[in-house]
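Trainee: I am new to this structure and would like to know what the terms used for it rest on.
Mentor: Have a look at it, then ask.

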Amino acid sequence: MKVYVPSALRSYTGQRDEVEASGASLDELLRELDQRYPGFRFRIIDEQGSIRPHIKIFVNHDQVRDLTGRLRAEDEVSILLALSGG
Amino acid sequence: MSKPDSSNDNTSVVPTNHKPKPDKGPLALLIATRKGAFILRGGKNRGKWKLSEPIFLGQMVHHMVQDPRDPQTILMGCRTGHLGPTIFRSNDFGKTWTEAQTPPAFPKAPEGEQGRVVDHVFWLTPGHATESGVWWAGSSPQGLFRSEDGGSTWEGVSGFNDHPMRDAWVGGLGDGTPDGPKMHSILIDPRDPNHMYIGMSGGGVFESTDRGADWKPLNKGCVADFLPIPDPEYGHDPHCVRLHPLMPDRLYQQNHCGIYRLERDEGVWSRIGDNMPRKVGDIGFPMVLHPRDPDTVWVFPMDGTTVWPRTSPDGKPAAYVTHDAGQTWKRLDKGLPRKHAWLTVQRQAMTADSHEPVGIYFGTTNGDVWGSTNEGKKWDCLTRHLPHVYAVEVAEHLK
């Protein structure tokens, strides 16, 4: 499935803003991405398995907070940087 | 309070043939800022300074440290406002960088329990001179981590992170700096790699004699006036702790509650900041030791009155130096702004080189870096308009 990569993570993906990945869940998908792009996952998912506070992940148009939900091959995953200032 | 004799104590002084010679070669300042890192290279005789392009512009770099065992190697701890913490390593003095394969992280908590999360890697210390590739890291919230492969993979030091007293020692998340509670000042005894000290804000100073497998508080005599207990065993707020490599049984600390010195055979911290001018006080963050004279120490006082402005007292910045282990202090402000300069210098943002005379350098939260090539007698602004400076470290023995 298609994964949208925000600017802050493109140093991991060779500057690509969109990559293809697979996985039955978001957890699996992010682990696969981490295999290909080492370090990618830990920058957005902490050691307790939670999405970091200023990262948002959407599957299609729905924000996801739990990595275990099922994914379908036609889903689109967007990793976004939450608003912040300063 | 008597000044200990640093010349005759054979039990604590490393033999004089270990005394380092002054470095004469080129040096650089490794500047870690809230929005990237910079390398400021000194020219001949520490004259013309040349600033690098930003390194990882926008990343919050808390510490950038040279490996004295391999001077081309630098490690930096960083994160961004959005992305989690990591460590980068350069083997070519900042030209290229490689990210740690396994950055410092706490273990995953059992189901149903709340686990700790590393917010940022605050402090980096190269391991003992005999232990090539060993590095130590201190995190926010307080955690201790070790790498044995030059900073690529990191493991938590269970002897501290899982110590049954750890939570009591460090208090809650609110018991720290405005930027989060921190472990810092990871000090390795040059005589024994198993003998270590750490400082924690909050928590206090702690000692391990078994490479971090167990820890004991070391705060006797140190005030913690923000606690209701008169002489607490732990819970203090050391801002910066230093151990002199030529006299490893002497520690100094700039604490939230003053400037202190500890002689290990005495076992009680003495408030040498009582000898500072009363109008200036003895509050501050950094503390810098002379590389060849254990009696000479520099501090950079901050206003710790009322609501703790943490700015230069009265808007008149100055360093202070002692040459007698804290009995007397001398103001060093020549070249610094005379007034209306509300500078803040954070705990990692002041350092010394090993030249003769010693160079002293500090960075400010408003992005200036100042230096003195004559031990503080006169200051010059080396570069300005950087982001908020978190840390300044010297790198020497460069190619």
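Trainee: How many residues of chain B are in contact with chain A, and how many of chain A with chain B?
Mentor: In this predicted model, 15 residues of chain B are in contact with 16 residues of chain A. Contact means that the C-beta atoms of two residues, placed from the backbone, lie within 7 Å. Local features need pLDDT of at least 70 and side-chain atom pairs count only at pLDDT 80 or more, while totals for chains, interfaces and linings use all residues. Residues are numbered from 1 along each chain as its sequence is written, chains are lettered from A and ligands numbered from 1 in the order in which they are written.

Trainee: Why is strand β20 of chain B called mostly covered?
Mentor: A residue is buried if 20 or more other C-beta atoms lie within 10 Å of its own, exposed if 12 or fewer, and partly exposed in between. In β20(B), residues 297-301, five of five residues are buried. Strands are DSSP runs of E, at least two residues, and helices runs of H or I, at least four, numbered from the N terminus.

Trainee: Which residues of β20(B) lie on each side?
Mentor: B:Val297, B:Val299 and B:Pro301 lie on one side, B:Trp298 and B:Phe300 on the other, and all are buried.

Trainee: What makes β19 and β20 of chain B a pair?
Mentor: Two strands pair if DSSP finds at least two bridges between them. β19(B) and β20(B) have four, in the antiparallel sense, so they meet the definition. In one bridge, B:Val288 is the partner of B:Trp298. β20(B) is also joined to β21(B), antiparallel, by three bridges, and B:Val297 stands opposite B:Thr322 there.

Trainee: Why are β4 and β7 of chain B said to stand at the edges?
Mentor: The open sheet has the order β4-β5-β6-β7 in chain B, with antiparallel pairing. β4 and β7 each have a single partner strand, so one side of each is left without a neighbour in the sheet.

Trainee: What makes a nonpolar core, and which residues of the largest one touch the most other members?
Mentor: Such a core is a set of buried Ala, Val, Leu, Ile, Met, Phe, Trp, Tyr and Cys residues joined through C-beta atoms within 7 Å. The largest has 100 residues, of which B:Leu30, B:Ile31, B:Met76, B:Val369 and B:Val392 touch the most other members. Strand β27(B) gives the largest share, six residues.
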